[in-house]
Amino acid sequence: MTQQETRTLWWEGGLDGVCKMIEQTKLPGTLEIIDVTTQEEMWDAIKRLAVRGAPAIGVSAAIGTVLGIRSSAASDRAAFLEDLEATTDYLATSRPTAVNLFWGLDRMTRVAHATPADMSVPDLKQHLLDEAITIWNEDRAICRALGKHGHPLLAPGEAALTHCNAGGLATADYGTALAVFFAAQEAGKEFSVFADETRPLNQGSRLTAWELHNRGIDVTLICDNMAGQVMKEGRIHKVFVGSDRIAANGDACNKIGTYSVSVLAKAHGVPFYVVAPTSTFDMTLADGSLIPIEQRDPDEIRRGYSGINAPADVKVYNPAFDVTPHENIAGIVTEFGVIENPDTEKVRKHFIENGVIAEERV
Ligand code: MRU
C-alpha cells in the first residue's frame, strides 16, 4: 500500500468513532495505521511524531479536542466549556513550535463559544466533531491551492531542493512544499528534486523520499552536509520548504537545518521559497526571535529510530527547529498567492487583501 491509497489521518464513524492515522515513526519500512481514541493517545501521537508536520498537527489538535470532550459528563454548557478548556490546555502541552497546534485548539474553542447559548451538551459535542472534520477538509483544499500558486515558480527542466517533510504526511493530504511538486507533476512539467536527509530524525529520507518516489517523481536523496556542494555544482535551481510558524515580518521557522540551507541558497543565488497556509502565521510575534524552539530528547541524536550513532552518555544539543530570516526568503506561498520578498508590510497587506486579518490569529 502506498500513501496515495490512504490518508495521513482521518476520522471514522460518528461521535463514538475513531481517529485513524499513519504511524509515521515506522515509515518507510512499515505502513501501519493506528487507532487514536483518547486525548492522551493523541497527545502521545503528537509528542512522539507518529503524526507530525505543522498542518497535520493542527488537524490533530482539532480531532484531539473531540476525543477529549466526547466523554465529558457535564450536564450544562458552563461545565462543558470548562471541560473543553481542560482538554485544549492539555493538548497545548504536546509540542511548542508549530503554531497550527494552538490555531486548531483556538478555533475549536471559538466555535464552541459561538454556539447558541441553549445548545445542548450532546449537540455541542456533535458540533465540535463537525468542525474538526471541516478543518480536515479545509486543509486538503488549502494544500491544493498552495500547489496551484507554487508550481509556476518551478520552471520546466529545473531541480529543486527540499528539507524535512512538508508533504501529504505533514498535512491532512497532499502537502505544502511538496504540493508544489505534485501540482507540477499534474501539470505535466519535467523537473527533479533533491531531498535533504534531515537529521536527526530523517524526515527527508524516511518520509519525503518515500512520498516523492511513490508518486514517480525524480527524487535524489542527499545528506544534509551535501547541499552546499550540490548548489555549487549548479544542480539546484530553487529551494522549497514548509514552515512551522511564520512571524509577522516573514521570518520562518522550520525543521533544524533550514536556516543553513537558506544561507547556502543566498550564497549561490538560488531563490528560497517557503510554502505554508495562513494558519502557520503567528501575527502576534513581530519577528522570528520570539518563536519558541522545541528541544527534544538527546537520544534522538545518540540513537535515532534505529541503532547507535554515538556514545550513550555523550552530551547533546538537540534544537528541533531554526528560524530563517525573511531577508533570505524570495517568497512565501500561501493559499492566496505569493508574498514576494516578504516583510512586515507585505505580510500585513497579504492578510488584509485576502480577508485573513485574523480575528483568528491576532
Ligand atoms: O518535527 P516535525 O517533523 O514535525 O517537523 C516538521 C517540519 O519542520 C515541516 O517542514 C513543517 O512542519 C512544515 S509541514 C508542511
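**Figure 1. The lining of the largest cavity, sorted by residue class.** In this predicted model, the lining of the largest cavity holds 10 nonpolar, eight polar and four charged residues. Here Ala, Val, Leu, Ile, Met, Phe, Trp, Tyr, Cys and Pro count as nonpolar, Asp, Glu, Lys and Arg as charged, and the others, Gly among them, as polar. The space inside comes to about 180 Å³. Of its 22 lining residues, Arg52, Gly53, Ala54, Asn165 and Asp244 are the closest to the centre. A cavity is a set of points, on a 1 Å grid over the protein atoms alone, where a 1.4 Å probe fits but cannot get out, and lining residues have an atom within 4 Å of a point. Points are joined across faces, edges and corners, and the volume is the space filled by probe spheres set on them.

**Figure 2. Where the lining of the largest cavity comes from.** Domain 1 (3-144) and domain 2 (147-361) each contribute at least three residues to this lining; the domain bounds come from an automatic or database assignment. Helix 2 (54-69) and strand 9 (252-255) each supply at least two. Helices (H or I, at least four residues) and strands (E, at least two) are DSSP runs, numbered from the N terminus. Residue numbers start from 1 along each chain as its sequence is written, for anyone following along in the sequence.

**Figure 3. A close look at the ligand.** There are 17 residues around the ligand, with Arg52, Arg95, Asp244, Asn254 and Lys255 coming nearest; a residue counts if one of its heavy atoms lies within 4 Å. A polar side-chain atom of asparagine 254 sits 2.7 Å from a ligand oxygen atom, and one of lysine 255 sits 2.8 Å from a ligand oxygen atom. Glycine 53 takes part through a backbone N or O atom, 3.1 Å from an oxygen atom of the ligand. The protein covers 100% of the 410 Å² of accessible area that the ligand has on its own, by the Shrake-Rupley method with a 1.4 Å probe. Local features need pLDDT of at least 70, side-chain atom pairs count only at pLDDT 80 or more, and totals for chains, interfaces and linings use all residues.

**Figure 4. The second largest cavity and two of its lining residues.** This cavity has a volume of about 60 Å³, and its lining has five nonpolar, two polar and three charged residues. Leu49 and Pro200 are among them. Leucine 49, in the loop between helix 1 (39-47) and helix 2, has a positive phi near 70° although it is not glycine. Proline 200 belongs to the loop between strand 5 (192-196) and helix 7 (203-214), and its peptide bond from arginine 199 is cis, with omega near 5°.

How values were computed. Side-chain values use heavy atoms; hydrogens and water are left out. On a 1 Å grid over the protein atoms alone, a cavity is a set of points where a 1.4 Å probe fits but cannot get out, and a pocket is an open set with protein on both sides within 12 Å along at least five of seven lines; lining residues have an atom within 4 Å of a point. A polar contact is a pair of N or O atoms within 3.5 Å; within protein, one must be able to donate a hydrogen and the other to accept it, and residues adjacent in sequence count only if both atoms are side-chain atoms.
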